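Please read this briefing alongside the sequence and the 3D structure. It begins with the terms and then goes from the chain as a whole to single sites.

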Amino acid sequence: MKKEGYYSSGEFAKKAHVTLRTIRYYDKQNILVPSARTESGARLYTDEDLAKLQQILLLKYLGFSLEDIREITLASADQQYLLESLRVQKKLLQERIEKMQAMTEAIDSTMGAIRKEQTIDWNSMLDLMHMTAMEHSLKSQYQNAANISARIRLHRDYSVNKEGWFPWIMRQCAPTPGMRILEIGCGNGALWTENLSVLPSDIQVVLSDRSEGMLRDAQNALGEDSRFFYQKFDCHQIPFSEESFDLVIANHILFYCGDISQVLSECRRVLRSNGRMVCSTYGRQHMKEITELVQKFNREIVLSADVLYERFGLENGGEQLQQFFTDVKLFRYEDAIEISEAEPLISYILSCHGNQNQLLLDRYKEFREFVEVQVAGGFHITKDAGLFLCTDN
């Protein structure tokens with residue numbers, strides 16, 4: 001006899017708009033076990049079971065495997081686990097879209113060659129597909145703050161140095177009342193959201209980026225704060241007159257610039273005679289264990305299309321800056337990352353702008369299991385970062 005407040009399998013399936021076969025299968029897979037059974041062994045379900053089934057169906061629609069769904073639902077009380085899992089899945093879906101876009105462009109190029117009755121170079125077409133995929137991936141990194149946030153989370157939550165990167169940078173910047181500040185490549189505005197309490201009330205800060213998505217995310221994070229102004233431009237041509245700012249900040253941005261000398265020239269131009277420039281970067285040892293980890297899984301994985309510290313790093317940045325500033329001092333940030341959880345590390349890896357997502361798309365489950373094993377006993381990551389403080393004496 002059916003208990004009051006319970007649904008039979010048939011009633012439950014009808015209410016959820018799924019088949020009886022689906023209900024039975026989820027039970028056998030230990031994903032959705034019935035809350036009770038009748039004396040004869042028939043399954044009985046409740047409204048709580050219905051809510052759980054809706055979660056399962058949504059996760060399945062989003063592309064999670066049944067094994068992933070089982071882990072997520074078993075850890076349903078852990079909202080952070082669910083959040084990280086959704087971030088990873090979203091990233092994988094975006095990469096699939098970009099891969100399809102690259103393939104579409106390769107097909108269009110091939111069709112164009114056929115129409116012109118040209119000989120098709122299949123090797124070139126394959127190279128084009130890979131290059132286009134890399135270009136899409138690089139562009140998508142900076143359309144908004146999602147990928148930057150993944151990288152920030154790893155540093156913020158698992159770093160040994162408790163002061164934090166952004167408070168440390170702000171301490172070196174030492175903003176004073178009445179100061180006018182420009183940040184080029186502001187990203188999601190984390191430098192400011194994490195230091196609002198120490199900022200003078202009467203400073204003026206211009207946050208700039210060439211991505212509208214980034215500026216929008218920064219503005220949303222900072223809210224209605226009259227100290228901040230937002231402007232989209234390319235830092236190779238800064239749209240301000242000479243001697244407009246007391247401080248210019250370039251936080252992990254110069255190594256992305258096409259012409260670093262041009263950007264530094266522009267930064268020096270808009271600085272007042274007694275102004276300062278703060279530019280951060282990293283060295284050749286930075287996060288080396290993550291590169292070793294992914295290449296241990298697949299030697300073809302490259303997490304960055306360029307070796308950025310070779311363009312502007314702790315080892316060579318001072319020499320470039322001395323062409324524009326008479327006094328250049330290097331300050332290193334003493335820190336490391338200690339982590340024993342896989343998901344935040346995977347999110348960081350997927351946020352990089354190399355070829356990793358193309359190579360991991362079809363092996364994600366295997367890769368996740370690999371990372372879980374590697375970090376189970378604790379995983380150490382070297383941090384080799386710092387900043388240059390530049391002035392003219």
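Contact, as used here, means heavy atoms within 4.5 Å. This is a predicted model, in which local features need pLDDT of at least 70 and side-chain atom pairs count only at pLDDT 80 or more, while totals for chains, interfaces and linings use all residues. Residues are numbered from 1 along each chain as its sequence is written, and side-chain values use heavy atoms, with hydrogens and water left out.

**The chain as a whole**

- The protein chain holds 17 helices and ten strands, where helices (H or I, at least four residues) and strands (E, at least two) are DSSP runs numbered from the N terminus.
- Of its 393 residues, 50% count as buried, a word that stands for under 20% relative accessible area, with exposed meaning over 50% and partly exposed in between (1.4 Å probe, protein chains only).
- Among contacts between residues at least 6 apart in sequence, 76% join residues at least 24 apart.

**Nonpolar cores**

- A nonpolar core is a set of buried Ala, Val, Leu, Ile, Met, Phe, Trp, Tyr and Cys residues joined through side-chain atoms within 4.5 Å.
- The largest such core has 59 residues, of which Leu182, Ile184, Trp192, Leu254, Met277 and Cys279 touch the most other members.
- Helix α8 (residues 165-173) gives the most to this core, contributing six residues.
- A second, separate core of 26 residues includes Ile290, Ile346, Leu360 and Val375.

**Ala13 in helix α1**

- Ala13 belongs to helix α1 (residues 9-16) and is buried, because its relative accessible area is 3%.
- Leaving aside residues up to four places away in sequence, Ala13 touches Val18, Thr19, Leu20 and Ile23.
- The C-alpha atoms of Ala13 and Tyr45 are separated by 9.8 Å, although these residues are 32 residues apart along the chain.

- In α10, the buried residues include Gly213, Met214, Leu215, Ala218 and Leu222.
- Ser211 caps the N-terminal end of α10, with a side-chain oxygen 3.3 Å from the backbone nitrogen of Gly213, and α10 is followed by Gly223, whose phi is positive, near 70°.
- Asp225 sits in the loop between α10 (212-222) and β6 (228-232), and Asp225 counts as buried because its relative accessible area is 18%.
- The side chain of Asp225 makes a polar contact with the side chain of Arg227 at 2.9 Å; a polar contact is a pair of N or O atoms within 3.5 Å, where, within protein, one must be able to donate a hydrogen and the other to accept it, and residues adjacent in sequence count only if both atoms are side-chain atoms.
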